Amino acid sequence: MAPPRADRGDAAGRGVRRRAAESNIEIHATVSDNEVRELFAKASLFFSPVVSGTGIKIKTIDAMANSKPIVGFATAFRGVPVKHGVHALIANSPKEFAQWIEMLSLDEPRCRKIGLAAREFVRLNYDPATLASRLISVYSQTTERYQEAHRRANSGGNSPRPSIF
């Protein structure tokens, strides 16, 4: 059987903690970076019951980078354009959230497949080397456009002031 699942849960009530313990699920409040690495190493899946908030959820990307299959509501994936059933399982209701967790708990091959697809998704979309390369490309294109517009403006024609856009 796979190791217990782990979730970071500051607001978990006593009833939630009891039910989690009965299901071999560990709930952790604030944890250090070292503890997070340990949790990712031993967890068989990651779930994120985030229902509000803004911005990219860094723990979602961290879990994906660690090949963990994720169950979450759409908010957990804001700014992370995953495909449901490929990179993660996106629940539309609390009942569905629980069903996805149960399904993944019983299907290790699917767990592994989603986890590996999640890791590849992060590698292709969030790897620092990949992002740096894309940023350099944008800077180069912007510089080239500006230089071309500047050349046109200085060529004696009636071109408007150089614009980079």
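Phenylalanine 40 is buried, with a relative accessible area of 9% (buried is under 20%, exposed over 50%, partly exposed in between; 1.4 Å probe, protein chains only). Phenylalanine 46 is likewise buried, at 12%. The model is predicted: local features need pLDDT of at least 70, side-chain atom pairs count only at pLDDT 80 or more, and totals for chains, interfaces and linings use all residues. Residues are numbered from 1 along each chain as its sequence is written, and side-chain values use heavy atoms, with hydrogens and water left out.

A pair of aromatic rings is described by the distance of the centres and the angle of the planes. Rings of Phe, Tyr and Trp (its six-membered ring) pair if their centres lie within 6.5 Å; planes under 30 degrees apart are stacked, over 60 edge-to-face, and the rest tilted.

| Pair | Centre distance | Plane angle | Class |
|---|---|---|---|
| Phenylalanine 40 and phenylalanine 46 | 5.9 Å | 45° | tilted |
| Phenylalanine 121 and tyrosine 126 | 6.1 Å | 50° | tilted |

Phenylalanine 121 is buried at 8% relative accessibility. Phe47, Phe73 and Phe97 make up one aromatic cluster.

Helices H5 (residues 108-126) and H6 (residues 128-154) have axes that come within 6 Å and cross at roughly 30°. H5 is therefore roughly parallel to H6 (angles under 35 degrees; over 145 is roughly antiparallel, 65 to 115 roughly perpendicular, the rest oblique). Axes are lines fitted to C-alpha atoms, for helices over the stretch in contact, with angles from 0 to 180 degrees between N-to-C directions; helices are DSSP runs (H or I, at least four residues), numbered from the N terminus. Arg123, Leu124, Asn125 and Tyr126 of H5 contact Pro128, Thr130, Leu131 and Arg134 of H6 (heavy atoms within 4.5 Å).

Methods
Helix = DSSP H or I, 4+ residues; strand = E, 2+ residues; numbered from the N terminus.
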